[in-house]
Amino acid sequence: MTRIAAVHGVLPPNRYPQEEITDVFAKVCLPQGGDRRLLDRLHTSARVSHRNLVLPLDQYGKLDGFGMANDLFIEAAVELGAEAITGALDAAGLTPDDVDMIMCTSVTGIAAPSVDARLVNRLGLRPDVKRVPVFGLGCVAGAAGIARLHDYLRGWPGHVAVLLSVELCSLTLQRGDGSIANLVASALFGDGAAAVVAVGDERAAGQGPTVVDTRSHLYPESGRVMGWDVRDSGFKVVLDAGVPDVVRTYLAGDVDAFLRGHGLAAPDMTAWVCHPGGPKVLDAVAEALELPGGALDMTWRSLDAIGNLSSSSVLHVLRDTLALRPPPPGTPGLLIAMGPGFCSELVLLRW
């Protein structure tokens with residue numbers, strides 16, 4: 001059975017209270033002379049108090065097109081990725097030479113050679129390391145990445161696999177775009193990275209939860225609920241107000257059926273590790289699953305402290321759960337994320 005040996009999250013050094021970000025992003029996002037009352041309202045209701053950004057705030061107005069933003073993405077992704085993987089391997093008591101497979105996911109920039117390829121020599125990973133760069137899964141990729149590591153390690157139970165997520169959401173901010181989707185993104189998303197080290201059955205001794213099973217679900221007629229429109233200016237966010245409705249329609253049935261297959265039900269879960277999609281999404285999750293008060297406290301805490309980091313967020317919530325509120329050993333928990341497609345990924349854990 002796959003064991004999660006370590007989770008390490010990192011953030012860029014530029015940290016700001018939401019009020020400072022609001023003032024600067026109002027100048028960047030709104031057309032000249034635009035009314036900022038809607039932006040102020042969205043930033044206040046996002047339930048985010050601070051965010052870490054890859055650039056100093058005064059640099060966002062100087063971003064000039066997709067090429068410049070993507071060059072900055074590659075440079076920073078390599079730096080943050082190296083820090084995240086090194087921290088995770090150290091915490092797991094492993095070295096770069098132990099790594100047999102690395103999966104790297106991001107939806108906020110592109111690179112060829114991929115970010116993982118650029119990290120091989122820098123970190124001292126073996127030249128025969130298997131590499132799986134992933135683009136397009138968005139917020140769901142933290143959970144989906146753990147699920148795909150589990151798939152790999154079932155076939156290679158003696159191996160060590162690493163998942164790296166790097167998301168620099170602020171670099172996708174659209175200048176002069178006063179659309180609701182862009183303003184919501186400007187209120188909610190932050191920058192960060194995280195790495196997970198997982199080991200197969202033959203190396204599974206030690207601390208950390210095990211992955212029992214996973215479940216993927218792609219929902220019908222939901223392709224325009226979330227994603228990107230690729231423009232000359234870069235990635236223009238697609239973010240439909242109906243996301244909470246999709247959650248209410250499908251999530252409870254998915255979770256109930258998945259847990260029932262293991263003789264479990266929602267009340268048996270001792271931890272809910274949920275991606276912080278935003279206040280309305282989290283309210284929809286709690287409502288759909290009929291969660292008790294406090295069940296999503298780690299997720300709300302992460303949203304407040306660092307915002308939504310796309311695929312990296314659920315990994316930060318997992319790290320915080322392990323460090324701050326570890327469930328009783330041997331009990332089950334569920335890791336949940338949703339993203340473009342529109343889709344969900346469930347990972348059943350045993351602590």
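Modeller: Before we start, one term: a residue is buried if its relative accessible area is under 20%, exposed if over 50%, and partly exposed in between, with a 1.4 Å probe and protein chains only. This is a predicted model, where local features need pLDDT of at least 70, side-chain atom pairs count only at pLDDT 80 or more, and totals for chains, interfaces and linings use all residues. Residues are numbered from 1 along each chain as its sequence is written, and side-chain values use heavy atoms, with hydrogens and water left out.

Biologist: Okay, what makes helix 5 mostly covered?

Modeller: Eleven of its 15 residues are buried. Among them are Ala141, Gly142, Ile146, His150 and Leu153. Helices here are DSSP runs of H or I with at least four residues, strands are runs of E with at least two, and both are numbered from the N terminus.

Biologist: How do you know that the span of helix 5 agrees with what it should be?

Modeller: The expected span is 1.5 Å times one less than the number of residues. For the 15 residues of helix 5 (residues 141–155) that gives 21 Å, and the end C-alpha atoms are 21 Å apart, so the two agree.

Biologist: On to the rings. How many aromatic pairs are there?

Modeller: Six. Rings of Phe, Tyr and Trp (its six-membered ring) pair if their centres lie within 6.5 Å; planes under 30 degrees apart are stacked, over 60 edge-to-face, and the rest tilted.

Biologist: Why do Phe25 and Tyr60 count as buried?

Modeller: Phe25 has a relative accessible area of 2%, so it is buried. Tyr60, at 1%, is buried too.

Biologist: And why is the pair of Phe135 and Phe235 called tilted?

Modeller: Its centres are 5.9 Å apart and its planes are at 40°, so the pair is tilted. Phe135 sits in strand 5 and Phe235 in strand 10, 100 residues apart.

Biologist: Are Phe135 and Phe235 buried or exposed?

Modeller: Phe135 comes out at 45%, so it is partly exposed. Phe235 has 6%, so that residue is buried. Phe135 and Phe235 also belong to one aromatic cluster with Phe66 and Trp228.
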